Amino acid sequence: MIITMQFGASQAEIDAVCSVIKERGFEPLVMPGEDRLAIGIHAALSPDDRIFLESAIGSLDGVSKVTQTSSPYTLASIEFHRTRSSVAVKGVVIGDGRFTVMAGPCSVESYDQYRASADMVKASGASVLRGGAFKPRTSPYSFQGLQEEGLQIIKQVGDETGLVTISEVMSADMVEVVADHVDILQIGARSMQNFPLLIEAGKSAHPVFLKRGPSATIDEFLLAAEYVLNQGNPNVILCERGIMPLDRTYTRNTLDLAAVPVLKEHTHLPVIVDPSHGTGVARYVAPMAKGAMVVGADGVMVEMHPDPKKALSDGSQALDPAHFNSLMKELKALATATGVRM
Ligand code: PEP
Ligand code: MN
């Protein structure tokens, strides 16, 4: 932590800052500057210390700015964990240098639609089957998902095909029932800061797939992950799925591919990219999925549908079977060319 004093701060004001630091048990390091003096605290501060010192010092006379030099999250940070983490579920490993493809329809619409999707996903070599049973829709008049019936279909198709399944849970009270039917709990972008949900998911034994909120900063995203980790669940997978766009004319969101190397620098958690919600346009999904591999993502989550024209949600961004298969072939070729395991 570095405290920058105001220009012309008095010695008494400098001393007051130093005594707050000393009272908390740390040694202040006074660094005279050309115009402004700075005071550093060279120590590993706990989150409690950080919050206390920031508010106690920030309001003192003569203080200009308090800057945190270490990350606000701990458990999610690379410096805490030292090595990259991976998540293993039913024999599928997410992370650890592999590129995992998670694919399936936006929504589970019927047994036949979901089973047909699963067969295509499996035949393509992808290992995780997605599909929403509870859908967060902007309008209450849009299809809300098959809900409990959808969960049963996911369970049945997961059992029949052996694919690892992932589906969204929208509220804390539904964590248990969703976990009874699916392998990975998805927390959607709109729920990234639903703190009771994060806490409940953190108590679950299931891996948690956390999507970045459309307006969330990297720190907010990692602090949301911290909520889950802090409850004792180490199996968190991050997903970049596009942030608020400047212009919705061409894409639904702005896929922040730069978030991948940024996250890799700051966290040990695996990072997946969702180019479907990230662009909202089926023909942009393949280029961004390949981009995700090149920038170092641990995989992609892609929406596909046996017949996108008939999809009950997100049809315009769903790949049809032919385009999904050709994307899988292109990804495999790119993986071979770039030394990525797939
Ligand atoms: C989804 O994956 O179907 C979904 C609703 O995604 P997001 O939360 O990223 O909008
Ligand atoms: Mn969708």
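Helices (H or I, at least four residues) and strands (E, at least two residues) are DSSP runs, numbered from the N terminus. The model shown in these views is predicted: local features need pLDDT of at least 70, side-chain atom pairs count only at pLDDT 80 or more, and totals for chains, interfaces and linings use all residues. Residues are numbered from 1 along each chain as its sequence is written, chains are lettered from A and ligands numbered from 1 in the order in which they are written, and side-chain values use heavy atoms, with hydrogens and water left out.

**View 1. Overview of the protein chain, with twelve helices and 14 strands.** The C-alpha atoms fill a box of roughly 75 × 40 × 40 Å, taken along the principal axes. Of the 342 residues, 51% are buried; buried means under 20% relative accessible area, exposed over 50% and partly exposed in between, with a 1.4 Å probe and protein chains only. Contact means heavy atoms within 4.5 Å. Among contacts between residues at least 6 apart in sequence, 67% join residues at least 24 apart.

**View 2. The manganese ion (ligand 2) and its protein donors.** Donors are N, O and S atoms within 2.8 Å of the metal (3.2 Å for Na, K and Ca); water is not among the atoms, so sites may look incomplete. Cys-106 lies in the loop between strand E7 (100–104) and helix H4 (111–124), and His-277 in helix H10 (residues 275–279), so the pair ties together parts that are 171 residues apart in sequence. Cys-106 is buried at 6% relative accessibility, and His-277 is buried with a relative accessible area of 8%.

**View 3. The barrel of eight parallel strands.** The strands close in the order E7-E8-E9-E10-E11-E12-E13-E14. Neighbouring strands of this sheet are turned by 25 degrees against each other on average, direction ignored. Axes are lines fitted to C-alpha atoms, for helices over the stretch in contact, and angles run from 0 to 180 degrees between N-to-C directions. Two strands pair if DSSP finds at least two bridges between them. Strand E13 (residues 271–273) and strand E14 (residues 299–303) pair in the parallel sense over two bridges, with Val-300 in E14 as the bridge partner of Val-273.

**View 4. The open antiparallel sheet of four strands.** The order is E2-E3-E1-E4. Strand E2 (28–31) and strand E4 (63–67) stand at the edges, each with a single partner strand, so one side of each is left without a neighbour in the sheet. Strand E1 (residues 2–5) pairs with E4 in the antiparallel sense over four bridges, and Ile-2 stands opposite Thr-67 in E4. Helix H2 (residues 47–58) lies across E1, strand E3 (38–41) and E4, running at about 170 degrees to E4.

**View 5. Arg-24 over the face of Phe-52.** Arg-24 lies at 4.2 Å from the ring centre. A charge sits over a ring if NZ of Lys or CZ of Arg is within 6 Å of the ring centre and within 35 degrees of the ring normal.

**View 6. Positive phi at Arg-82 and Lys-90.** Most residues other than glycine have a negative phi. Arg-82 has a phi of about 75 degrees, lies in the loop between helix H3 (78–81) and strand E5 (87–89), and is exposed at 67% relative accessibility. Phi of Lys-90 is near 45 degrees; Lys-90 lies in the loop between E5 and strand E6 (92–94).
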